[in-house]
Amino acid sequence: MSLRTVQRVGQTLPVLIILAIVFWSYYAFVFSLCSVVPGLEVKTFYLIVYHVAFFVFLFSYMRAIFSDSGFVPPQFYLTTAEKEGLDRATDPRLYLEEVALRLPVHEATLTNSVRYCEVCVCIKPDRAHHCSLCRRCVLKMDHHCPWINNCVGFRNYKFFNTFLLYSCIYCITVSLCVAPWAVFIWNRVPQMRDLPEMDKFNIMIVFFVAVMFFLAVSGLWVFHAFLTARNKSTLEMGRAPRFKNEAYASSNAYDIGCKSNCIQVYGTGPLVICPLYTSHGNGVLFPRERSERSSSDMRRLLGNTGINSEEEGEEEEEELIYDTETPLQLDPVSRA
């Protein structure tokens, strides 16, 4: 067995643990708890509420696991000729700057150089980073999550957030439904004496597990809700992005207002909290607040060229963000 195979097995282990806990909780609720719930109406109500929460949570979890986090477009990869030119260049930094002129990149390294990935042989788009576990660059990378065995990036950030949200809802549903019966068992109520010991164990443990998971996941969801409202990633919380020819890093570079920030991730309409893809943008260009390039980048990002003068002001820029979903079409460039 190769080292790579062992690594892959190890990476899937956290997902298998979560799935084992989830399906055990299903057994504990449906077969252990509902066996003692009196009355057909109450039992039916419990089962309907539980199954809605269970399947929505499970679907959002699967979307977070199997959805791609965001591939870098082919325009950002160096061609064979460009890679050979880079290898021969006396000043690789200047050579990369010439190559990057044709690309919509604005972020820079600490030394004001082009952000280049030697592993992927590509110029990194703004907010993109290389993941050593996924072995590729990811658009608007937030972090690599072992519990979904996937990177969290531009394409699946909404799925990750909805997974956290519905995890909280699932834990709350289980906790509220199980709590009265857990109290009865704890207080040794006479009606619980005939209940098998294994069912008692399942009911007690599933209650405590649901409460503990809710406390852990709710804190994580609040943190990512804050990041969404401020248009930041976890990586950007640790290190603010820097831009070409700007003296200081900007911690709020992409913050264009809470509403517009949330629309970038969740989109608009009735499906904003559903685990379906409704995010805006293309993961390459992001409008910046209080920037000279902000209005032009928004036009390119959202496919709208309706603003022709500064006199139309910020209100029309906000309309672009709210009302337009057309992704950016990069200028055709010969990459042969």
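Biologist: Is Glu 107 buried or exposed?

Modeller: This is a predicted model, where local features need pLDDT of at least 70, side-chain atom pairs count only at pLDDT 80 or more, and totals for chains, interfaces and linings use all residues. Residues are numbered from 1 along each chain as its sequence is written, and side-chain values use heavy atoms, with hydrogens and water left out. Buried means under 20% relative accessible area, exposed over 50%, partly exposed in between (1.4 Å probe, protein chains only). Glu 107 has a relative accessible area of 7%, so it is buried.

Biologist: Which residue meets the side chain of Glu 107 in a salt bridge?

Modeller: A salt bridge puts a side-chain nitrogen of Lys or Arg within 4 Å of a carboxyl oxygen of Asp or Glu. Here the N to O distance is 3.8 Å.

Biologist: How many residues apart are Arg 127 and Glu 236?

Modeller: Arg 127 forms a salt bridge with Glu 236, the closest N and O atoms being 2.9 Å apart. Arg 127 sits in the loop between β3 (122–123) and β4 (129–131), and Glu 236 in helix α7 (residues 234–238). Helices (H or I, at least four residues) and strands (E, at least two) are DSSP runs, numbered from the N terminus. The pair links distant parts of the chain, with a separation of 109 residues.

Biologist: What is the relative accessible area of Asp 87?

Modeller: Asp 87 forms a salt bridge with Lys 83. Lys 83 counts as partly exposed at 27% relative accessibility. Asp 87 is exposed, because its relative accessible area is 53%.
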